[in-house]
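Hello,

Here is the structure I promised to pass on. Please open it alongside these notes.

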Amino acid sequence: MLTYTPGDSLAHRLDPRTKLLLQITFVAAAVAHTTPRGLAILTGLTALFLAAGRVSPQSALWEFRYALPLLAAGPLVSGLTFGAPWFVVNEAVETALASYRVVLALLVSAVYVRTTSPRESRTAIQRTVPGKPGQFLGMGVALVFRFLPVLQSDLARVREAMAARLGDERPVIERMQLVATAGLNRAFRRADTLALALQARCLAWNPTLPELRFSRLDAPAIVLSAVLAVSAVV
Amino acid sequence: MATSNDSVELVGDEAVVNLARAVLFAALMGAFAFVSFPNPLSPAPITLQVLGVFLAGIMLGPVWGPAAMLLYLVAGAVGAPVFAGGASGLGVLLAEPTLGYLWSYPVAAAAVGLGVHGGSLGDYRDTSVPVLVAAMVVGTVIIYALGIAGLMAVLGLGFVEAFTAGAAVFLPAEAFKIAAAVGIVRSDAIAAT
């Protein structure tokens, strides 16, 4: 699974805010220049990003395998028409370029996920989004990372127990109800315990944040995002 | 560590409980992405995510429901494996063809919450079945409208093409989810109010 892996690559050492900015400007540039020439340049840039994070393109693509059938089917669906000539090559090519643009954007965001710890992301959110919304998002994201595996194993246990009692032979609606009810009950119970624990620890809207500082390494990356942003507008 | 001289501003009791519920709901949405059921009516499997959106609106209300969905999206954007198939990353929200569905979740949860609770947050178990179903139908329409718009924008498809690729095989399953949500809400199985 695509998750954070500790390391000391160039991408690991960049500030998370820089990496977020790069992703946004990259997508903007890709949307503005969905031409063979524009995408060729962005492919080079993607290769550079992947190398900077020491992420192999194959493993990153594997993580997005669920998105790939739709991306592959897009050009076919787009090219097909009812009636002669049945297949319009131009439309298919246009959608194929759009699909390829999506693959590039996914690869670039894979570099972020692989090289940025949840803690860094949380700090970046809290330092970027002002006020209580920022605190809510930062705290919330950190806690979602904490509780996701717990709830996943809760649900897996529920489904195993159901299967052991032949519950998976029941109609679909009933099974969905059972799994969702069990999941919700566990989630609400955990939420109550979590709320109590947070109150006991004086949860504040203005906690002290871990430090985050732009370094000299960020300068070229920010210049690159500026170039991408300008290219998207011009 | 950074330093700060402001006095501590504690999060109020009610807000802490709501925050904890929003967090757990967002995590549950992520866990639901991994749960799929075979669909008797169409080849596409059913996941519980849209059910999660409905229940967020119904159980958390028109403010904290969308807040939970927003948390889910942000957590996925910075790397929690919560999107379909365990995907994550900002690229999914900014460039993937299915981005419309994801962005529609907070809107749909708000719509369902408003439909069920109106202005003030009451006990969702008092809501009548027609109101519940109507709210969820509106939610479904929002999800698919934005989802299809996303497909059209990202891949440059026409409406009919986008509908064929993105809605036709999934829509029948929504009826199951609405039925399941009504069953869950009307039963006494959920302990929390």
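**Between chain A and chain B**

Eight residue pairs are in polar contact between chain A and chain B, with both residues at pLDDT 80 or more. A polar contact is a pair of N or O atoms within 3.5 Å; within protein, one must be able to donate a hydrogen and the other to accept it, and residues adjacent in sequence count only if both atoms are side-chain atoms. Helix 9 of chain A gives the most to the side of chain A that touches chain B, with 20 residues. Helices here are DSSP runs (H or I, at least four residues), numbered from the N terminus.

Bear in mind that this is a predicted model: local features need pLDDT of at least 70, side-chain atom pairs count only at pLDDT 80 or more, and totals for chains, interfaces and linings use all residues. Residues are numbered from 1 along each chain as its sequence is written, chains are lettered from A and ligands numbered from 1 in the order in which they are written, and side-chain values use heavy atoms, with hydrogens and water left out.

Two salt bridges link chain A and chain B. A salt bridge is a side-chain nitrogen of Lys or Arg within 4 Å of a carboxyl oxygen of Asp or Glu. A:Lys132 forms a salt bridge with B:Glu9, and their closest N and O atoms are 3.3 Å apart.

The contact (heavy atoms within 4.5 Å) takes 74 residues from chain A and 79 residues from chain B. About 6500 Å² is buried between the two chains, and carbon and sulfur atoms give 78% of that area. Buried area is the accessible area (1.4 Å probe) that two parts lose on being put together, summed over both. A:Phe136, A:Met176 and A:Phe188 supply 10% of the area that chain A buries against chain B, more than any other three residues.

B:Ala77 sits in helix 2 (residues 49-77) of chain B. B:Ala77 counts as buried because its relative accessible area is 8%; the cut-offs are under 20% for buried, over 50% for exposed and partly exposed in between (1.4 Å probe, protein chains only). Leaving out residues up to four places away in sequence, B:Ala77 touches B:Phe83, B:Gly89, B:Leu90 and B:Leu93.

B:Glu174 belongs to helix 7 (residues 171-186) of chain B. B:Glu174 is also buried, at a relative accessible area of 3%. Its contacts, not counting residues up to four places away in sequence, are B:Val50, B:Thr140 and B:Tyr144.

Best wishes

Key:
Helix = DSSP H or I, 4+ residues; strand = E, 2+ residues; numbered from the N terminus.
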